[in-house]
Amino acid sequence: MKRFIIGMMISTIILLSSCAPIQTIPEGEKRVYEWRMVTHQIEGTSRYDGTIIPFVEAVEEITDGQLIIEPYGADILFPTTDSFDMVKNGVVEMGALYTGFWSGKDPVFTLGGGTIPGDPIRGFEEHFYRTERLEPIINEAYEQHGIKNLGAFDYAPEEVLISRVPIEGIEDFEGKNIRAAGVASQFYGALGASSISLSASEIYTGLQLGTVDAAEFNDFLVNGEMGLNEVTRYIIDPAIHVGPSTDKELIINPKAWEELPEDLKAAVYVARDKVRYESAIAYGVESQIAEQEWRDNPDIEFIELPEEDVEEMKEIGFDLLLDYKEESELSKQYVEEYAQVLAELGYLEDAEKLGYEE
């Protein structure tokens, strides 16, 4: 099966590169490109081992060793929050990173990847339909800051809100300290909570010591791999902040990208698409299995929020989106295009809340 997939990839590369200018390489020689790649995910977790490693292996195999990418997990080379500038300045050539880290660069980054409060979208197909439609806006934002963006790197199922204290309704968010990032920080703030910034590696200790009362991070699979089930007493369902999303966008230093021959660029795209497909299986199915293990844990209680509270929280989330229309030209375009996508997918009532008109 693996050989079949690789064979299909090579055929695709030949097709994609057939119209590219022929690059002359001295007989018996071929240039080897060596890149470094960073991510916010922790080595040893599924969102690292199940996407980052298969990606770099696929690139090396497809290019016959002409492009070798050395991956680094969260905070290994430098703090994850420095990755934007490190890619831009060529300290590393590539990053697979969550866009919400860059909200200070442009407000539209806060919305990138589908991390939208109140989002009704569900499933792989709807997520990537939305992603492809909104990708040009995110690409433009990265381009304005001197970075090449290759779009969504992978698929992430719904995140969960884990807590050491019971949160049984919207009023219980008041005064809580919640680990959050990106637009989630504003969302929980609007619910009366205080947003605490913690890196992935700090969440366990934060919950264990009570630095935070709750944390919104990954799905059941990755959270379990990080041992967060050991310091969690409650699952608050649903986590309104985010449905299916893009956990990482694939960003590249423009100079490094332009130096690549066209066939090697095509190889990167093929490897990216391979990871998109495989992550949908690995994250989606495996997370469902992991959820049952969490539910079977006698030390963890699942709390279902009242329906009326969920609707009120969704309204608060959509109000935040409407505010983003005033933050920057790109964030305005993003919200308007997102509303159009919701209407096309049948979520007409939600689309109208965001200003969509037929």
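1. Which residue does the side chain of Lys105 meet in a salt bridge? In this predicted model, the partner is Asp85, with an N to O distance of 3.2 Å. The pair joins distant parts of the chain, 20 residues apart: Lys105 belongs to the loop between β3 (94-97) and α5 (108-111), whereas Asp85 is part of helix α4 (residues 83-88). Lys105 is partly exposed, because its relative accessibility is 33%. Asp85 also counts as partly exposed, with a relative accessible area of 33%.

2. The structure contains 22 salt bridges. One of them pairs Arg272 with Asp273, whose closest N and O atoms lie 2.7 Å apart. Asp273, at 37%, is partly exposed.

3. A further salt bridge connects Asp350 and Lys353, with 3.9 Å between the closest N and O atoms. Both residues belong to helix α14 (residues 348-353); they are 3 residues apart, so about one helical turn separates them. As a general point, an α-helix has 3.6 residues a turn, so residues three or four places apart point the same way. Asp350 is buried, with a relative accessible area of 9%, while Lys353 is partly exposed at 27% relative accessibility.

4. Salt bridges also link a group of residues into a network, the members being Arg47, Asp154, Asp219, Asp247 and Lys248. In general, side chains of opposite charge can pair when their charged atoms come close.

5. The buried residues of the helix include Asp309, Val310, Met313, Lys314, Ile316 and Gly317. Phe318, Leu320, Leu321 and Tyr324 of α12 are likewise buried. Against which elements do the buried residues of α12 pack? They pack against α5, α7 (183-190), α13 (329-344) and α14.

6. The largest nonpolar core has 34 residues. Those that touch the most other members are Val108, Leu111, Tyr142, Leu321, Tyr334, Tyr338 and Leu354. Two or more residues of this core come from each of α4, α5, α6 (123-144), α12 and α13. Of these elements, α13 gives the most, with 7 residues. Apart from this core lies another, of 27 residues, among them Trp35, Val59, Phe153 and Ala256.

7. With residues up to four places away in sequence not counted, Tyr334 touches Val108, Leu111, Gly112, Gly113, Gly114, Ile116, Leu134, Ile137 and Ile138. Of these contacts, Val108 and Leu111 are, with Tyr334 itself, among the core residues that touch the most other members.

8. Is Glu326 buried or exposed? Its relative accessibility is 68%, and Glu326 therefore counts as exposed. Glu326 and Pro107 are 219 residues apart in sequence, yet their C-alpha atoms are 9.8 Å apart in space.

Key:
Residues numbered from 1 in each chain as written. Predicted model: local features only at pLDDT ≥ 70, side-chain atom pairs only at ≥ 80, totals over all residues. Heavy atoms only, no water. Salt bridge = Lys/Arg side-chain N within 4 Å of Asp/Glu carboxyl O. Helix = DSSP H or I, 4+ residues; strand = E, 2+ residues; numbered from the N terminus. Buried < 20%, exposed > 50% of the residue type's maximum accessible area, 1.4 Å probe, protein only. Contact = heavy atoms within 4.5 Å. Core = buried A, V, L, I, M, F, W, Y, C linked by side-chain atoms within 4.5 Å.
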